[in-house]
Amino acid sequence: MTKEQTNPDQLIAGILSGIEDVKGQNINILDLREIENTVCDYFIVCEGTSNTQVSAIVNSVQKKVSKDLKDKPWHIEGLDNAEWVLMDYVNVVVHVFQKHIREYYDIESLWGDAKTTVIESNY
């Protein structure tokens, strides 16, 4: 029995809502669809100010997407130390960083060919 595929636009909206509910910062969407041999269609990258906030962002995204879209991540990595948590929704991968870890790995520049959308926050 195969699971019905979630619409990527709905999934992205749910993820963004979950991030914004707990004031995740510096949110970027990287559209990878025009790049050959990528593992997914979109990266969503954001940051929290502490491991507590990073964990809160991950929990908020999970709850929002589960409640609204009846979907859950295929895999989550990095929750133990909550410096960089990766949430894999197959076609959309969410990276939740602490600021210093995000600056160190700088994945946005690694995927410099991707079309980047900066999400403006109201806080």
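The expected span of a helix is taken as 1.5 Å times one less than its number of residues. In this predicted model, helix α1 has 14 residues and should therefore span 20 Å at 1.5 Å a residue.

Helix α1 covers residues 8-21, and helix α2 covers residues 51-69. The axes of the two helices come within 8 Å and cross at roughly 140 degrees. Angles over 145 degrees would count as roughly antiparallel and those from 65 to 115 as roughly perpendicular; α1 and α2 are therefore oblique to each other. The crossing in which α1 passes α2 is right-handed. On the α1 side, the contact is made by Q10, L11, G14, I15, S17, G18, I19 and D21. On the α2 side, I57, S60, V61, K64, V65 and L69 take part. By class, this contact of α1 with α2 comprises seven nonpolar, five polar and two charged residues.

Burial within α1 was also examined. The buried residues of this helix are L11, I12, G14, I15, L16, G18 and I19. Among the elements that cover the buried residues of α1 are helix α2 and the strands β1 (25-31), β2 (42-48), β5 (92-98) and β6 (115-119).

S60 lies in helix α2. With a relative accessible area of 12%, under the 20% limit, S60 is classed as buried. When residues up to four places away in sequence are not counted, S60 touches G18, D21 and V22. S60 and W111 are 51 residues apart along the chain, and their C-alpha atoms are separated by 26 Å.

K64 is likewise placed in helix α2. Its relative accessible area is 25%, and K64 is therefore partly exposed. Leaving aside neighbours within four places in sequence, K64 is in contact with G14, S17, G18, D21 and L69. The C-alpha atoms of K64 and G14 are 6.2 Å apart in space, although the two residues are 50 residues apart in sequence. G14 itself is among the buried residues of α1.

The loop between α2 and β3 contains K70. K70 has a relative accessible area of 68% and is therefore exposed.

Backbone torsions were considered next. Most residues other than glycine have a negative phi. A82 has a positive phi, near 50 degrees, and is a residue other than glycine. A82 is found in the loop between β3 (75-77) and β4 (84-88). The relative accessible area of A82 is 3%, so this residue is buried.

D106 also has a positive phi, of about 45 degrees, although it is not a glycine. The loop between α3 (99-105) and α4 (107-110) is the place of D106. With a relative accessible area of 33%, D106 is partly exposed.

Conventions. Residues numbered from 1 in each chain as written. Predicted model: local features only at pLDDT ≥ 70, side-chain atom pairs only at ≥ 80, totals over all residues. Heavy atoms only, no water. Axes fitted to C-alpha atoms, helices over the stretch in contact; angles between N-to-C directions. Helix = DSSP H or I, 4+ residues; strand = E, 2+ residues; numbered from the N terminus. Parallel < 35°, antiparallel > 145°, perpendicular 65-115°, else oblique. Left-handed = near helix turned anticlockwise from the far one by under 90°. Contact = heavy atoms within 4.5 Å. Nonpolar A, V, L, I, M, F, W, Y, C, P; charged D, E, K, R; others polar. Buried < 20%, exposed > 50% of the residue type's maximum accessible area, 1.4 Å probe, protein only.
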